[in-house]
Amino acid sequence: MAGVMRFEHGLLRVHQLDRAVEFFKHVMHLTEIAREDGIVYLGCGLDGNYDVALTEGGTGLSRFSFRADSEEELDQYKKRLKDHGVPFETIENGREPGVLGGIRFQLPGKLDMELIIAAAERYHRPYAPPVLAGRSSITPLDADHITICTTDVKREVEFMQNVLGFLVSDVTL
């Protein structure tokens, strides 16, 4: 079940949506993919999926998603969550751009996490491609990892390991 070791996207809360969108589009050179229900979906352009979504109302990470490789893998995670008494909701196909389905649940610190199946295949390049028109040297190729800050690292790590079967790569205290 190593497929969900891949970060897919995150939803960020911002104070001023229009200003944040302008920053991500004109400074970071992300591409606007869609606007739906007060959320703006932006992509780095490596694939057709969104990498960052923005919504107005505060600051910080609202939720994040990891990619599952198949329905079978997703079913295994549903079973793991049920076995540990962790409630989850089903994410329907088409609920967000490029998301074919998935599940959403809360980590012990109340941050929402998703395991999703994405529409577009993810590409991994062993080299940096030449700069494309309209992109700068600070434009990311893709969102490929996430750093989670928490007040109880031990609790979050134990959940990720024991319930989800994740491995820890780095911990900074």
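Mentor: First, the classes: Ala, Val, Leu, Ile, Met, Phe, Trp, Tyr, Cys and Pro count as nonpolar, Asp, Glu, Lys and Arg as charged, and the others, Gly among them, as polar. This is a predicted model, where local features need pLDDT of at least 70, side-chain atom pairs count only at pLDDT 80 or more, and totals for chains, interfaces and linings use all residues. Numbering starts from 1 along each chain as its sequence is written, and side-chain values use heavy atoms, without hydrogens or water.

Trainee: So what classes make up the lining of the largest pocket?

Mentor: There are 14 nonpolar, six polar and three charged residues. A pocket here is an open set of 1 Å grid points over the protein atoms alone, where a 1.4 Å probe fits, with protein on both sides within 12 Å along at least five of seven lines; lining residues have an atom within 4 Å of a point.

Trainee: And what's the volume of the largest pocket?

Mentor: About 820 Å³, taken as the space filled by probe spheres set on the points, which are joined across faces, edges and corners.

Trainee: How about the second largest pocket, what volume does it have?

Mentor: About 320 Å³. It is lined by 16 residues, and F7, D51, V52, A143 and H145 are the closest to its centre. Strand β1 (residues 6-14) has the largest share of this lining, with three residues. By class, the second largest pocket's lining is eleven nonpolar, two polar and three charged.

Trainee: Switching topic: in what order do the strands of the sheet come?

Mentor: The open sheet has eight strands, β2-β3-β4-β1-β5-β8-β7-β6, with mixed pairing. Its edge strands, β2 and β6 (88-91), each pair on one side only. Two strands pair if DSSP finds at least two bridges between them.

Trainee: Start at the β2 end. How many bridges join β2 to β3?

Mentor: Five, between β2 (residues 31-36) and β3 (residues 39-43), which run antiparallel. A34, for example, has Y41 in β3 as its bridge partner. The two strands form a hairpin with two residues between them, and D37 in the turn has a positive phi of about 50 degrees.

Trainee: And at the other end, in which sense do β6 and β7 pair?

Mentor: Antiparallel: four bridges link β6 with β7 (residues 99-106). There, F88 stands opposite F105 in β7.
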